[in-house]
Amino acid sequence: MANRLKVEDVNIYYGAFKAVEGVTLTFEPRSVTAFIGPSGCGKSTVLRTLNRMHEVIPGGRVEGSITLAGQDLYAAEVDPVAVRRTVGMVFQRPNPFPTMTIFDNVVAGLRLNGLRNKSELADAAERSLRGANLWNEVKDRLNKPGAGLSGGQQQRLCIARAIAVEPHVLLMDEPCSALDPISTQAIEDLIEELKTDYMIVIVTHNLQQAARVSDQTAFFNLAATGQPGKLVEVGPTPRIFEHPVHESTEAYVSGRFG
Amino acid sequence: MSATSAAETTEATGTPLARLVAARRAAYRADVVTDDPPQLTRGSASRRLTDQVARVVMWASFGLAMVPLVWILGTVVARGYELLLASSWWTLSQRNINAADVGGGAVHAIQGTLIQAAVTAAISVPLGIFTAIHLVEYGRGRLARAVSFMVDILSGVPSIVAALFIYAVWVTTFGFQRIGFAVCLSLVLLMIPVVVRSTEEMLKLVPNGLREGSYALGVPKWITITRIVLPTAFSGIVTGVMLGLARVMGETAPLLILGPYTKSIATNLFDGYMPTLPTMINQDRTEIGLDSAMERMWATALTLILIVLALNLIGRWAARRSSVRR
Ligand SMILES: Nc1ncnc2c1ncn2[C@@H]1O[C@H](COP(=O)(O)OP(=O)(O)OP(=O)(O)O)[C@@H](O)[C@H]1O
Ligand SMILES: [Mg+2]
């Protein structure tokens, strides 16, 4: 497939601190990749370099090459804002905009980028909310504040908001870690559906979740605190869970560690 | 860290040393986990006494702090309200009213104070807010540190110094007249640091997650600031502006130095004298032996307090109308 996302030999820094070293991996369109690994090994850091959110942090710096459909995301002529429009992101903690209604939240990305047409906005809102499995719950209160929803609904609102701008790739950093099992189930179902249109990368601490939703799993680890995190191995999810090559992967997925 | 603990558990069944460590650990746990019932009753007598003392001290301090406030307010209201009840107070000026005459109007001074406050705010609010945005959203490095330092210094400048500075520039250096606009300039110097500092605090309170959430939608930074960050911080910013205005409206030194009083209505910022409430009080102070002047001073003070109060209420109302929705 042409629209691959390729990460090659990437080092990531926070100021002088090298947080992640030598990551190489490829993401296929219409597939789900899970990032697993112990806390602090750099999963979020790698994820945030895929849409150039890493450089928002003071001192954040990336070496190596990251290409989407053959274009270097870090080339001088590339606009990070355009990259983020193409590669959307859902955060660990739901972050609806507190001054906005549910409707305004969903269309925020479109409206703040200049779309004014009312009926187009309304269409986009309904499409995205249906896409995020939230439409039925909120269709009668689109003008109520987004912050008034439950945590799971807020997270789905954030997913709706992310897919409203029609990105190619959707990054999710522990999207279920603040949610109850039922909301988690709803989001996992959603990932399954979204997969038909998007490339998805999800960070999770829940190994069952990684096994359930992902096609490909990447295991990250770090040798010791203060050392950079590394990609230990990546492969089709069943192989990583059943026949891992590395001992540390084996230890991690069998729950003997972390 | 997790790696070492995993290693230890696997070892625990192995070497004698590891078994010893495991035993010690189990013993330690037995020390910590007791079978004593948890203590759920209120603390000891001395603990309760401390609590009582702290409570009394707290309420006493609160009461002490309230005494002067209530006293001043009570006196001002009691001695000034009568003139405010007459409609002439709100419609007439002091024109043709002598110090010995009772009452008269304050509308000339009210207008002057409001106009000067409005112009001061119109200059300081945008400058202050843009400065705060620079410091919080863009400021790293030397310029931001220098600006921040300057704002600190400016906020410590006594009003008389601000007034004399403007006097030195406006009158001594350029040779201009003492006019209302010069007063506004010195008030701007006093208001900017209040606006900058309060706006800065409010912007810092906006969670970073909101900014990142907006960036992640492909929204440029400046739109994120104007459409996400500023609206979220709006009510706090309004409160800060109101505080700044309240401070500025009660200022007297710049008015005495740069804006001489007149008893007639005079609303031109750029020409001639301009009456204000503080200078009106000062005018009557020169005749303080007269009961009529004394009463007018109290009434003028009450008018100023009411205007500041009204502005605060308007600010709160505006802040409530378009702020964070819950
Ligand atoms: N803003 C930051 N500034 C400096 N160092 C950071 C920052 N964020 C993360 N780090 C460091 O980078 C390393 C990787 O962090 P990262 O957040 O990517 O880990 P993670 O794998 O996502 O962990 P978790 O599972 O706990 O979320 C850690 O050592 C962390 O301390
Ligand atoms: Mg993380």
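**Entry 1: the largest cavity**

I began with the lining of the largest cavity, which consists of B:Thr113, B:Gln116, B:Ala117, B:Leu187, B:Val248, B:Met249, B:Leu255, B:Thr276 and B:Pro278. My note on terms: on a 1 Å grid over the protein atoms alone, a cavity is a set of points where a 1.4 Å probe fits but cannot get out, and lining residues have an atom within 4 Å of a point. The volume of this cavity is about 70 Å³. I take volume as the space filled by probe spheres set on the points, with grid points joined across faces, edges and corners.

Before going on, I wrote down the ground rules. This is a predicted model, in which local features need pLDDT of at least 70 and side-chain atom pairs count only at pLDDT 80 or more, while totals for chains, interfaces and linings use all residues. Residues are numbered from 1 along each chain as its sequence is written, chains are lettered from A and ligands numbered from 1 in the order in which they are written, and side-chain values use heavy atoms, with hydrogens and water left out.

Which element gives the most to this lining? I found α5(B), with 3 residues. Both α5 (107–138) and α10 (221–249) of chain B supply at least two residues each. Helices here are DSSP runs (H or I, at least four residues), as are strands (E, at least two), numbered from the N terminus. By class I get 6 nonpolar, 3 polar and no charged residues. For the classes, Ala, Val, Leu, Ile, Met, Phe, Trp, Tyr, Cys and Pro count as nonpolar, Asp, Glu, Lys and Arg as charged, and the others, Gly among them, as polar.

**Entry 2: the second largest cavity**

How many cavities of 30 Å³ or more are there? The count comes to 2. I see both chains in its lining: A:Met89, A:Val90, A:Phe91, A:Cys158, A:Arg161 and A:Ala162, together with B:Gly213, B:Ala216 and B:Leu217. The lining has 7 nonpolar, 1 polar and 1 charged residues.

**Entry 3: ligand 1**

Next I looked around ligand 1 and found 13 residues, the closest being A:Ser39, A:Lys43, A:Ser44, A:Thr45 and A:His205. A residue counts here if one of its heavy atoms lies within 4 Å. I then checked polar contacts (pairs of N or O atoms within 3.5 Å). A polar side-chain atom of A:Ser44 is 2.6 Å from an oxygen atom of the ligand. A polar backbone atom of A:Cys41 is 3.3 Å from a ligand oxygen, and an N or O atom in the side chain of A:Tyr14 is 3.3 Å from a ligand nitrogen. Taken alone, ligand 1 exposes 630 Å², of which the protein buries 64% (Shrake-Rupley method, 1.4 Å probe). In the shell, α1(A) gives the most, with 3 residues. The shell's classes are 5 nonpolar, 6 polar and 2 charged.

**Entry 4: the record**

Last, I opened UniProt, where an unreviewed entry places "domain: ABC transporter" at residues 5–247 of chain A. I keep in mind that such annotations may be inferred rather than shown by experiment. In the model, that span is 35% helix and 27% strand. For chain B, the unreviewed entry's "transmembrane region" spans include 114–135 and 297–319. I find 114–135 to be 100% helix, with end C-alpha atoms 30 Å apart. Residues 297–319 are also 100% helix, with ends 33 Å apart.

How values were computed: Polar contact = N/O pair within 3.5 Å; in protein donor to acceptor, adjacent residues only side chain to side chain. 1 Å grid on protein atoms, 1.4 Å probe; cavity = no way out; pocket = protein on both sides within 12 Å on 5 of 7 lines; lining within 4 Å.
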